[in-house]
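Welcome, and please open the model in your viewer.

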Amino acid sequence: MLVTLKEILQDAEEKKYGVGLFNMLNLETARGILEAAEAERSPLILGVAEVHLPIIPFPYAAQIMMHMAKEASVPVCLHFDHGTRYEAIMEALKAGFTSVMFDGSALPYEENIAGTVEICRAAHALGASVEAELGHVGNAQDGNGESSQYTDPQQAVDFIAKTGVDALAVAIGTAHGQYREKPVLDISRLAKLYEVSRPTGTPLVLHGGSGLSDEDFRNTIENGIRKVNICTELCLAADRAYRAAPGFETGVVAAKDSVKEAVRARMRLFGSAGKA
Ligand SMILES: [Zn+2]
């Protein structure tokens with residue numbers, strides 16, 4: 001069944017667990033993710049990222065995802081990840097997505113606020129949720145995210161109050177892509193962010209989840225992270241399985257199955273397994 005991000009994260013906050021956002025890139029990855037959620041009886045945030053639209057055009061992704069969400073026996077939120085273009089985000093809302101991320105993290109603070117407010121107005125009118133990013137989660141390629149800007153707790157309070165955003169992505173030492181060396185997370189900053197954001201009812205989001213240790217995940221969820229973004233890890237799992245298969249037909253099935261196993265393991269670790 002199709003639900004909003006807000007609904008999924010509310011339950012996660014009440015019961016103190018994390019929910020993975022798993023990005024699909026094609027039919028096989030989407031099927032692997034869905035099968036995992038059904039097998040683990042876990043709520044699911046199924047996403048597609050704006051940056052991947054050259055790989056899978058949005059109308060195809062939206063059709064596949066909507067069909068799966070409606071058919072699923074577990075709650076599924078359809079999320080548009082890292083939207084930067086207004087038109088692309090509106091396209092997702094028009095298609096019935098229940099959550100969109102507006103990523104204004106590379107913009108000056110006031111412009112990030114203005115952009116988030118604009119998206120919140122449209123999304124909320126349609127009953128969808130909005131995630132924004134404050135601070136900036138950089139890329140693992142540039143020396144484990146040297147371009148990252150850690151999120152300031154006081155600014156987070158101001159940002160939430162001025163935008164009315166439903167979930168906030170924070171920068172605490174993670175980075176997108178494959179880490180070159182083990183990332184060091186600023187857990188005390190996260191604890192502070194949780195302390196100040198908790199009274200506002202705005203859950204925190206961790207980007208750059210692929211490559212973190214089990215302990216990192218437990219630690220961040222314990223300290224307030226409710227949504228964990230996973231993408232690179234699934235690409236690597238699918239790639240390994242596909243390459244090891246003897247042919248194309250066996251390869252696509254192996255890729256789907258290996259995505260499924262990777263997602264199942266994350267759902268158990270994040271504590272969302274058995275919550276649907
Ligand atoms: Zn991200």
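**First stop: two helices side by side**

Select H2 and H3: these helices are roughly parallel to each other, because their crossing angle falls in that class (under 35 degrees is roughly parallel, over 145 roughly antiparallel, 65 to 115 roughly perpendicular, and the rest oblique). The axes of H2 and helix H3 (residues 58–71) come within 11 Å and cross at roughly 20°. Axes here are lines fitted to C-alpha atoms, for helices over the stretch in contact, with angles from 0 to 180 degrees between N-to-C directions. Helices (H or I, at least four residues) and strands (E, at least two) are DSSP runs numbered from the N terminus.

Now show Leu27, Ala30 and Leu34 of H2 with Ile64, Met65 and Met68 of H3, which make the contact (C-beta atoms, placed from the backbone, within 7 Å). This contact divides into 6 nonpolar, no polar and no charged residues (nonpolar: Ala, Val, Leu, Ile, Met, Phe, Trp, Tyr, Cys and Pro; charged: Asp, Glu, Lys and Arg; polar: the others, Gly among them).

A word on the model: it is predicted, with local features needing pLDDT of at least 70 and side-chain atom pairs counting only at pLDDT 80 or more, while totals for chains, interfaces and linings use all residues. Residues are numbered from 1 along each chain as its sequence is written.

**Second stop: H2 again, with H10**

In total the contact of H2 with H10 has 8 nonpolar, 2 polar and 9 charged residues.

Select the strands next. A closed barrel of 8 strands runs E1-E2-E3-E4-E5-E6-E7-E8, with parallel pairing (two strands pair if DSSP finds at least two bridges between them). Neighbouring strands of this sheet are turned by 30° against each other on average, direction ignored.

Zoom in on strand E7 (residues 204–206) and strand E8 (residues 225–230), which pair in the parallel sense over 3 bridges. Which residue stands opposite Val228 in E8? Look for Leu206.

**Last stop: the whole view**

Zoom out to see the protein's 10 helices and 8 strands. Its C-alpha atoms fill a box of roughly 55 × 40 × 35 Å, taken along the principal axes.

Technical notes
Two residues are in contact if their C-beta atoms, placed from the backbone, lie within 7 Å.
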